[in-house]
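Q: Please examine the sheet closely, and then the surroundings of the ligand. In which order do the strands of the sheet stand, and in what sense do they pair?

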Amino acid sequence: MTTGMAVETVRGRAGLAEKAAAWKAAGLSVGLVPTMGALHRGHLSLVERLARHVDRVVVSIFVNPTQFGPNEDFASYPRDEARDLALLSATPAALVYLPEAAEIYGAGDATRIRVAGIADDLEGRERPGHFEGVATVVCKLLNHSRADAAIFGEKDYQQLLVIRRMVADLGMPCDIYGAPIVREPDGLAASSRNAYLTTGQRAIAVRLPQTLRELAARAEEGEPIDRLAGEGVARLLAAGFDRVDYLSFRDAETLAPIATLSQPSRLLAVARLGRTRLLDNLALGPALKG
Ligand code: AMP
């Protein structure tokens, strides 16, 4: 924790707009880091990175009900505002936006944003309605904060692509940055949901990044990727995962299934331990340009 100055907070959309307008009037650019709280080093890295691109970083903390399915963990999602604010006090964040649900989904709220194509497969297939909730809330948060830029982690790789698509299609005046996955020392991707894992499950969890790294190395050496994907699923189940929602080699820009690594590619997987879904992915093939 920190002994520094407390970070400034705002709960109302009007207060946030006022603050953003004052910054803009002073010629300062504004960036947004959207989060659902239960912050960890991954989130904090986004704040640090965005601060290199904009003058004032706003962090939003909002557990967005519309991106959770009826049988998902909205009610039990970890919430600890005091801890989150203490962590943010030690970052370059200028302001934390803590909206109530009514601030985001007010009376008569009726608009949803659906991104087709890129949002339909993988997470979109496993979690129907998820990306509609994500795109809608991100659009609202960008509007509320008047953000000139926003940053999203590659941990949720498909989400980053969905947001890029939305911003391009709607002509939103906002630069979207991606940030690399921050990992625990043993390689497990940092995640708020890691808090759900028992000690036994946590020991199994590390096999996900290990398996992906090994599959990626063998794919780079030329082994057929459809066979590797099948082997990967079997290995994860043998390691103790309860289910593998998907493990798939994809085009890094379109997420279309691929047969070879001739283009920038991504290996994406979700494996479950009990009810906890662990997401991970890594880049392979030629590097993406730009
Ligand atoms: P969440 O609070 O889960 O909605 O995540 C908020 C943002 O943090 C999203 O852009 C995530 O992709 C990003 N994020 C979550 N975990 C990580 C991580 N381990 N490394 C980098 N970014 C992350």
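A: The order is β1-β4-β3-β2-β5-β6 in an open sheet of six strands with parallel pairing; strands are DSSP runs of E with at least two residues, helices are runs of H or I with at least four, both numbered from the N terminus, and two strands pair if DSSP finds at least two bridges between them. The model is predicted, with local features requiring pLDDT of at least 70 and side-chain atom pairs pLDDT 80 or more, while totals for chains, interfaces and linings use all residues. Residues are numbered from 1 along each chain as its sequence is written, and side-chain values use heavy atoms, without hydrogens and water.

β1 (9-10) and β6 (175-179) form the edges, each having a single partner strand, so one side of each lacks a neighbour in the sheet. Six bridges join β2 (residues 30-35) to β3 (residues 56-61) in the parallel sense, and P34 lies opposite S60 in β3.

Ligand oxygen atoms lie 2.9 Å from a polar backbone atom of M36 and 2.9 Å from one of G153; a ligand nitrogen atom is 2.9 Å from a polar backbone atom of V182. The protein buries 92% of the 490 Å² that the ligand exposes when taken alone (Shrake-Rupley method, 1.4 Å probe).

Notes. Polar contact = N/O pair within 3.5 Å; in protein donor to acceptor, adjacent residues only side chain to side chain.
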